[in-house]
Amino acid sequence: MLYSLGEIDIGANAVVSQHCYLCTGSHDYTKPTFDIYAKPILVGAEAWLATDVFVAPGVRIGRGAVVGARSSVFEDIPDLMLAKGTPAKPFKKRLLTGDQDKMQEAHV
């Protein structure tokens, strides 16, 4: 599901699994009128959002990062980090095996 009031950029070879919700819009709770706003979301190249991940407005998922199933991401996740939970927190560096030199540079 892409709630695209703002821009959503998904990098090359990234995976957004089933039931994910990328939400670029929200409401300003500090105003009595709850004005709506939008902030962009970036999912870096070679990143993976596992099933049922929520991504909040303005979040950047780094190149090659992996976000575990049913996590909720409210803050940026650095490149090549594994993250999980609600709220999602990085917990381990992603170690690559095989053709590491074939990972593309993020194009965003």
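I take buried to mean under 20% relative accessible area, exposed over 50%, and partly exposed in between, with a 1.4 Å probe and protein chains only.

**Basis of the entries.** I am working with a predicted model, in which local features need pLDDT of at least 70, side-chain atom pairs count only at pLDDT 80 or more, and totals for chains, interfaces and linings use all residues. I number residues from 1 along each chain as its sequence is written, and side-chain values use heavy atoms, with hydrogens and water left out.

**Cysteines.** I looked up C23 and found it buried, with a relative accessible area of 9%. C20 is also buried, at 3%.

**Strands and order.** I counted zero helices and 14 strands in the protein chain. Helices (H or I, at least four residues) and strands (E, at least two) are DSSP runs, numbered from the N terminus.

**Overall form.** I noted a radius of gyration of 14 Å for the protein chain; this agrees with the value near 13 Å that a compact globule of 108 residues would have. The radius is taken over C-alpha atoms, and the globule rule is 2.2 Å times the number of residues to the power 0.38. Along the principal axes, the C-alpha atoms fill a box of roughly 55 × 25 × 20 Å. Of the 108 residues, 35% are buried.

**Surface.** I recorded an accessible surface of about 6,500 Å² for the protein chain, with 55% of it belonging to carbon and sulfur atoms. Accessible areas come from the Shrake-Rupley method with a 1.4 Å probe; for residues, only the protein chains shown count as cover.

**Residue A50.** I located A50 in the loop between β8 (48-49) and β9 (54-55). Is A50 buried or exposed? A50 counts as buried, at 8% relative accessibility. Leaving aside neighbours within four places in sequence, I found A50 in contact (heavy atoms within 4.5 Å) with S17, C20, V67, G68 and A69. A50 and V66 lie 16 residues apart in sequence, and 7.5 Å apart in space from C-alpha to C-alpha.

**Contacts in the chain.** I noted that, among contacts with a separation of 6 or more in the protein chain, 31% are between residues 24 or more positions apart.
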